[in-house]
Amino acid sequence: KLFETLYKIFYNINRKYSLNLQLIPYFISGLPDCDIAEMKFLTKKMEMLNIKPEQVQLFTPTPMTLASVMYYTEMDPYTLKKIYIAKDKNERDRQHQIFFWYKK
């Protein structure tokens, strides 16, 4: 929701002052606790805002990060509830490719 608000404000300022500035969001696919349904929801939002990413980072667990703890334990560290983790290569690839909805 916050990004949508920022994007709309940015777009309106660009239009109002005849600017040609770009807002380039940083997307990461395959994050812990994200599944295909959430990726599809995000894709619909991107289509609605006419965002066509050229690059998307595939989540890679790195030391000393909360996301890595979630990835390896498959738990939310705050609630200790089990969470979904896309560890299968095909699932991770599907989540990644979904960001490029506008390419055939």
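Where is the place of D33? The legends below take up that residue and several other sites in a predicted model.

**View 1. D33 sits in a loop and has a positive phi.** The place of D33 is in the loop between β1 and α2. Its phi is about 75 degrees, although D33 is not a glycine. D33 has a relative accessibility of 36%, so it counts as partly exposed.

**View 2. The ends of helix α2.** Helix α2 covers residues 36–48. D35 caps the N-terminal end of α2. A side-chain oxygen of D35 lies 3.2 Å from the backbone nitrogen of A37. After α2 comes N50. The phi of N50 is positive, near 60 degrees. How far apart are the end C-alpha atoms of helix α2? They are 18 Å apart. At 1.5 Å a residue, the 13 residues should span 18 Å, so the two values agree.

View 3. Which residues of α2 are buried? They are I36, M39, T43 and M46. Seen down the axis of α2, the buried residues fall within an arc of 70 degrees, so they line one face of the helix. That buried set packs against α4, residues 89–97. The face of α2 turned away from the buried side carries A37, F41, K44 and M48. These four residues are exposed.

**View 4. The largest nonpolar core.** Eleven residues make up this core, written as 11 in the count. Its members include Y7, F27, C34 and M39. M46, L49, I51 and V56 also belong to the core. I98, F99 and F100 complete the set. In soluble globular proteins, nonpolar side chains tend to be buried together.

**View 5. I98 and a second core.** I98 touches I36, M39, K40 and T43, leaving out residues up to four places away in sequence. I98 and M39 are both members of the largest nonpolar core. A second core is separate and has five residues. Among them are F59, M70, Y71 and I85.

**View 6. S29, a buried residue in strand β1.** Strand β1 spans residues 28–29, and S29 lies in it. Is S29 buried or exposed? S29 has a relative accessible area of 0%, so it is buried. Neighbours within four places in sequence are set aside in the contact list for S29. V56, Q57, L58 and F59 are among its contacts. Q95, H96 and F99 are also in contact with S29. Of these, V56 and F99 belong to the largest nonpolar core.

**View 7. E54, an exposed loop residue.** E54 is found in the loop between α2 and β2, the strand at 57–58. At 71% relative accessibility, E54 counts as exposed. Which residues is E54 in contact with, leaving aside its neighbours within four places in sequence? They are F100 and Y102. E54 and Y11 are 43 residues apart in sequence. Their C-alpha atoms are 19 Å apart in space.

View 8. E74 lies in the loop between α3 and α4. Its phi is positive, about 60 degrees, although E74 is not a glycine. At 24% relative accessibility, E74 counts as partly exposed. E74 forms a salt bridge with K82. The closest N and O atoms of that pair are 2.9 Å apart. K82 has a relative accessibility of 64%, so it counts as exposed. The side chains of K87 and E74 also meet in a salt bridge, at 3.1 Å from N to O. K87 and E74 are 13 residues apart, and both lie in the loop between α3 (66–73) and α4. K87 is partly exposed, with a relative accessible area of 37%.

View 9. E91 forms a salt bridge with R94. The closest N and O atoms are 3.5 Å apart. E91 and R94 are three residues apart in helix α4, so about one helical turn separates them. E91 counts as buried, at 12% relative accessibility. R94 counts as partly exposed, at 47%. How many salt bridges does the count come to? The count comes to five. Side chains of opposite charge can pair when their charged atoms come close.

Methods. Residues are numbered from 1 along each chain as its sequence is written. This is a predicted model: local features need pLDDT of at least 70, side-chain atom pairs count only at pLDDT 80 or more; totals for chains, interfaces and linings use all residues. Side-chain values use heavy atoms; hydrogens and water are left out. A nonpolar core is a set of buried Ala, Val, Leu, Ile, Met, Phe, Trp, Tyr and Cys residues joined through side-chain atoms within 4.5 Å. Buried means under 20% relative accessible area, exposed over 50%, partly exposed in between (1.4 Å probe, protein chains only). Contact means heavy atoms within 4.5 Å. Helices (H or I, at least four residues) and strands (E, at least two) are DSSP runs, numbered from the N terminus. The expected span of a helix is 1.5 Å times one less than its number of residues. The arc is that of the directions from the helix axis to the C-beta atoms. A polar contact is a pair of N or O atoms within 3.5 Å; within protein, one must be able to donate a hydrogen and the other to accept it, and residues adjacent in sequence count only if both atoms are side-chain atoms. A salt bridge is a side-chain nitrogen of Lys or Arg within 4 Å of a carboxyl oxygen of Asp or Glu.
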